[in-house]
Amino acid sequence: MKRIGIALILVLLMLFLFTTIASAEENFIIFKPEKDSTSEKVLPISGQTEPDSVIVVFLNGEKMDEITVGASGIFATQLELTEGVNKVSFKVTFPSGTTKTFAKKILLINEDQMSTSILQLIKAILILK
């Protein structure tokens, strides 16, 4: 009976550890940019993930930065956007070796055209969906 109790405790402990590891791997949060559109050509990006993760940042398919995340888990970089829709992708390699990709589309709006080009803005917003 004691062996069954010990085995049960070990199984529960292992389940807890694997569940914690699995959920930790999915921890990738983008703080900035908060919106899907901007008029700022230089876009600051920041977020948080697992410490010791490696993040490769892509802009429209081109590698722009590689970040090794420190003990705090917080990362930051900046990208120079092109006018129109920009696809920002993050390839994250977690300390466990698991790799996941996250993406976000950001619309860069030219301030001069903002007031005269409402139709283009509507079309661009529809593309983002």
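Where in the chain is serine 53 found? In this model, serine 53 sits in the loop between strand E3 (42-49) and strand E4 (54-59), where helices (H or I, at least four residues) and strands (E, at least two) are DSSP runs numbered from the N terminus. Before I go on, please keep in mind that this is a predicted model, in which local features need pLDDT of at least 70 and side-chain atom pairs count only at pLDDT 80 or more, while totals for chains, interfaces and linings use all residues. Residues are numbered from 1 along each chain as its sequence is written, and side-chain values use heavy atoms, with hydrogens and water left out.

Let me begin with the overall layout. The protein has three helices and eight strands, and from the N terminus on the elements run α-β-β-β-β-β-β-β-β-α-α. Of its 129 residues, 26% are buried, and here buried means under 20% relative accessible area, exposed means over 50%, and partly exposed is in between, with a 1.4 Å probe and protein chains only. The accessible surface comes to about 8800 Å², of which 61% belongs to carbon and sulfur atoms; such areas come from the Shrake-Rupley method with a 1.4 Å probe, and for residues only the protein chains shown count as cover.

Now I return to serine 53, which counts as buried because its relative accessibility is 0%. A polar atom of the serine 53 side chain lies 2.8 Å from the backbone oxygen of glutamate 50. If we leave out residues up to four places away in sequence, serine 53 touches Ile67, Thr68, Val69, Val92, Thr93, Phe94 and Pro95, a contact being heavy atoms within 4.5 Å. Aspartate 52 is also placed in the loop between E3 and E4, but aspartate 52 counts as exposed because its relative accessibility is 55%. The phi of aspartate 52 is near 70°, which is a positive value in a residue other than glycine.

Let us follow the chain into E4 and ask with which strands E4 pairs in the antiparallel sense over six bridges. One partner is strand E5 (residues 62-68), joined to E4 by six antiparallel bridges, and another is strand E7 (residues 84-93), again antiparallel and again over six bridges; two strands are said to pair if DSSP finds at least two bridges between them. On the E5 side, isoleucine 55 has isoleucine 67 as its bridge partner, and on the E7 side phenylalanine 58 stands opposite serine 89. The hairpin of E4 and E5 has two residues between the strands, and asparagine 60 there takes a positive phi near 50°. Asparagine 60 is partly exposed, because its relative accessibility is 43%.

Which residues have the most contacts inside the largest nonpolar core? They are Ile55, Val57, Val88 and Phe90, in a core of 17 residues, and at least two residues of this core come from each of E3, E4, strand E6 (74-80), E7 and strand E8 (99-108). By a nonpolar core I mean a set of buried Ala, Val, Leu, Ile, Met, Phe, Trp, Tyr and Cys residues joined through side-chain atoms within 4.5 Å. Leaving aside neighbours within four places in sequence, valine 57 is in contact with several residues, including Leu79, Val88 and Phe90.

Finally, I turn to the charged side chains. A search of the whole structure finds two salt bridges, each defined as a side-chain nitrogen of Lys or Arg within 4 Å of a carboxyl oxygen of Asp or Glu. In one of them, the side chains of aspartate 36 and lysine 104 meet at 3.4 Å, N to O. This pair links distant parts of the chain, since aspartate 36 is in the loop between strand E1 (28-32) and E2, while lysine 104 is in strand E8, 68 residues apart. Lysine 63 forms a salt bridge with glutamate 66, with the closest N and O atoms 3.0 Å apart. Lysine 63 is partly exposed at 47% relative accessibility, and glutamate 66 is partly exposed at 45%.

Key
Polar contact = N/O pair within 3.5 Å; in protein donor to acceptor, adjacent residues only side chain to side chain.
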